[in-house]
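Student: Can we go through this model together? Start with whatever I need for reading the element names.

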Amino acid sequence: MVNLISNKDYIIEKTKNGKEYFHFIGIGGIGMSALALCLVNNGFKISGSDIISNLNIENLISKQARITIGHSAQNVEGASLVVASSAIKENNPEILRAKELNIPIIHRSQLLEAMMSGLARKEKPVSIGVSGTHGKTTTTGMMGMIFEHSGLKPSIVVGGMIPALNTNSKFDSGKYFVSELDESDGTIKEYRPDYTIITNLEKDHVDHYADGLQQVLDTFRNYISNLNKNSKIIVNVDDKGINLLLKSIEFGNVITYSLDENSNADYIARNIIANGFNTSSDVYKNNEYIGTICLTVPGIHNISNALATIAVAIDCGVNFKDIKNSLEQFTGMKRRFQLAAEINGIKIVDDYAHHPTEIEATLKSAKEIKDKKIVKRIVAIFQPHRYTRLHGLWDEFKTCFANADKVYVVDVYPAGEKPIFGYGAKEFCEQTGYTYLSGTLENAAKLLDNQFSEGDLVLDLGAGSIVQLSQILKDRLKYNG
């Protein structure tokens with residue numbers, strides 16, 4: 001969609017002398033609902049619309065937001081500003097009506113940048129943005145909880161639920177604003193945070209980045225070139241994409257981190273120990289030992305995520321003891337290797353992994369648990385997310401399940417896309433030898449009856465409706481004894 005406003009100062013100025021009325025199109029989404037929740041908790045009048053209801057919408061309604069199920073031109077009448085995401089098309093009736101009424105339309109990224117720049121505040125907060133192809137939601141959650149547990153009252157906006165807070169956002173009075181920055185649609189160019197974490201850069205979101213990794217790198221190069229000169233970027237130098245980026249930019253304030261014990265990075269993790277669902281490591285800053293962290297979330301990749309948050313927190317003056325204690329209390333993000341059920345010795349884990357690298361990392365974490373004799377077999381149930389992603393990363397998907405003992409694949413979650421001939425779940429299974437489960441998730445669960453045994457670790461993988469499968473499997477396991 002085309003933005004009518006690209007000036008965050010206008011948004012901030014417009015809200016200074018009153019509590020303006022924001023209307024969100026697609027308010028139920030995890031990113032949109034987070035922004036709406038921040039505003040409604042700060043006294044702004046909020047309305048919104050979406051095609052179906054969900055828990056995010058129910059929560060907002062409980063806080064007096066006026067939300068309509070279904071898109072209609074009349075929904076925007078009376079609004080001061082209309083907020084939309086890239087998923088909203090130009091022919092949406094609410095977009096068309098807002099234009100007729102000359103109601104300013106802003107992209108969700110522009111609203112978030114305005115919040116990070118001082119909207120509804122007397123002073124601009126210290127803004128911390130977390131970006132990258134993988135791990136940004138977990139890293140944002142870790143970062144936010146460090147400041148929260150340290151008593152700094154941060155504002156947080158993240159693309160996932162933080163179980164410890166039971167929310168995906170909070171607007172508080174502290175000086176820090178921690179937010180996940182989405183690069184999927186290129187709108188990361190809107191942001192100017194004081195700190196930027198970049199976890200990794202890979203080919204993904206091929207519906208937007210048709211030219212692959214090079215286009216992703218170009219986007220981040222432009223993003224960095226527009227940052228304020230005093231801003232700092234915190235980067236994972238273990239990542240090939242980030243190293244390519246660093247070679248092509250000139251930026252003075254770069255903080256690096258690495259899991260390579262022989263790296264010359266500013267922050268290094270050494271003596272990493274994966275012990276079932278827990279992971280620990282020693283942390284070094286400029287080759288000097290500063291302490292040991294113990295995470296209650298599995299996976300060596302989470303040590304990397306933690307290093308990024310440690311680097312920022314220390315630079316902001318948080319002492320390592322508080323950081324360590326906060327990380328020990330971090331229980332992960334919803335749908336990030338989240339134990340959904342344990343029945344008859346069968347563990348069911350729900351995970352958002354939907355890119356080959358994410359799936360590989362999740363299954364590597366599972367294998368570390370298996371190696372500790374905590375489970376006997378790893379069973380992956382995968383729902384491809386978007387036809388364009390499955391098609392664009394076809395070969396990568398074929399090799400990322402190596403650490404699973406058994407792989408099932410359900411039909412593609414289209415996310416509004418049309419099928420691509422020859423690139424569906426059935427064809428994927430025909431080429432890989434994996435087991436195809438056709439039809440609904442309920443039907444898939446029936447086909448899985450009697451397929452699990454004591455000691456199995458069952459992972460539901462994907463970014464779509466497969467989130468429902470954990471509960472369905474849980475109910476059937478109880479019913480079938």
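Tutor: Helices (H or I, at least four residues) and strands (E, at least two) are DSSP runs, numbered from the N terminus. The model is predicted: local features need pLDDT of at least 70, side-chain atom pairs count only at pLDDT 80 or more, and totals for chains, interfaces and linings use all residues. Residues are numbered from 1 along each chain as its sequence is written, and side-chain values use heavy atoms, with hydrogens and water left out.

Student: OK. Which helix does arginine 389 lie in?

Tutor: Arginine 389 belongs to α12, residues 387-392.

Student: Is arginine 389 buried or exposed?

Tutor: Buried, because its relative accessible area is 4%. Buried means under 20% relative accessible area, exposed over 50% and partly exposed in between, with a 1.4 Å probe and protein chains only.

Student: And what does arginine 389 touch?

Tutor: Beyond residues up to four places away in sequence, arginine 389 is in contact with Asp204, His205, Val206, His354 and Phe397. Contact means heavy atoms within 4.5 Å.

Student: Switching to the hydrophobic side. Which residues touch the most other members in the largest nonpolar core?

Tutor: A nonpolar core is a set of buried Ala, Val, Leu, Ile, Met, Phe, Trp, Tyr and Cys residues joined through side-chain atoms within 4.5 Å. In the largest one, with 49 residues, Phe22, Phe24, Leu39, Ile46, Leu111 and Ile224 touch the most other members. The elements that each supply at least two residues include β1 (21-25), α2 (30-40), β4 (81-84), α7 (213-225) and α8 (240-247).

Student: Which element gives the most to this core?

Tutor: α2, with eight residues.

Student: What surrounds isoleucine 46?

Tutor: Leaving out residues up to four places away in sequence, isoleucine 46 touches Tyr21, Phe22, Phe24, Ile27, Ala36, Leu39, Val40, Ala65 and Arg66. There is also a second, separate core of 37 residues, with Ile156, Ile197, Ala313 and Leu327 among them.

Student: Now sheets. In what order do the strands of the five-strand open sheet run?

Tutor: The order is β3-β2-β1-β4-β5, and the pairing is parallel. Two strands pair if DSSP finds at least two bridges between them. The edges are β3 (66-69) and β5 (105-107), each pairing on one side only.

Student: How many bridges link β1 and β2?

Tutor: Five, in the parallel sense, with β2 spanning residues 45-50. Tyrosine 21 stands opposite lysine 45 in β2. α2 packs on this sheet, touching β1, β2 and β4, and its direction makes about 165° with that of β1. Axes are lines fitted to C-alpha atoms, for helices over the stretch in contact, and angles run from 0 to 180 degrees between N-to-C directions.

Student: What about the open sheet of six strands, what is its order?

Tutor: β16-β17-β21-β18-β19-β20, with mixed pairing. β16 (338-343) and β20 (435-437) stand at the edges with a single partner strand each, so one side of each has no neighbour in the sheet. The twist averages 20° from one strand to the next.

Student: Where is isoleucine 378 found?

Tutor: In strand β18, residues 377-382. Isoleucine 378 counts as buried because its relative accessibility is 0%. Apart from neighbours within four places in sequence, its contacts include Leu363, Ala366, Asn403, Leu457 and Leu459.

Student: Back to helices. At roughly what angle do the axes of α7 and α8 cross?

Tutor: Roughly 50°, and these axes come within 10 Å. α7 and α8 are therefore oblique to each other. Angles under 35 degrees count as roughly parallel, over 145 as roughly antiparallel, 65 to 115 as roughly perpendicular and the rest as oblique.

Student: Which residues of α7 and α8 meet?

Tutor: Leu213, Leu217, Phe220, Arg221 and Ile224 on the α7 side meet Gly241, Leu244 and Leu245 on the α8 side.

Student: And how do α6 and α9 cross?

Tutor: The axes of α6 (residues 136-149) and α9 (residues 300-315) come within 9 Å and cross at roughly 40°. α6 passes α9 in a right-handed crossing. A crossing is left-handed if the near helix is turned anticlockwise from the far one by less than a right angle, and right-handed if clockwise. Residues meeting between α6 and α9 include Met142 and Ile146 in α6, and Ala306 and Val312 in α9.
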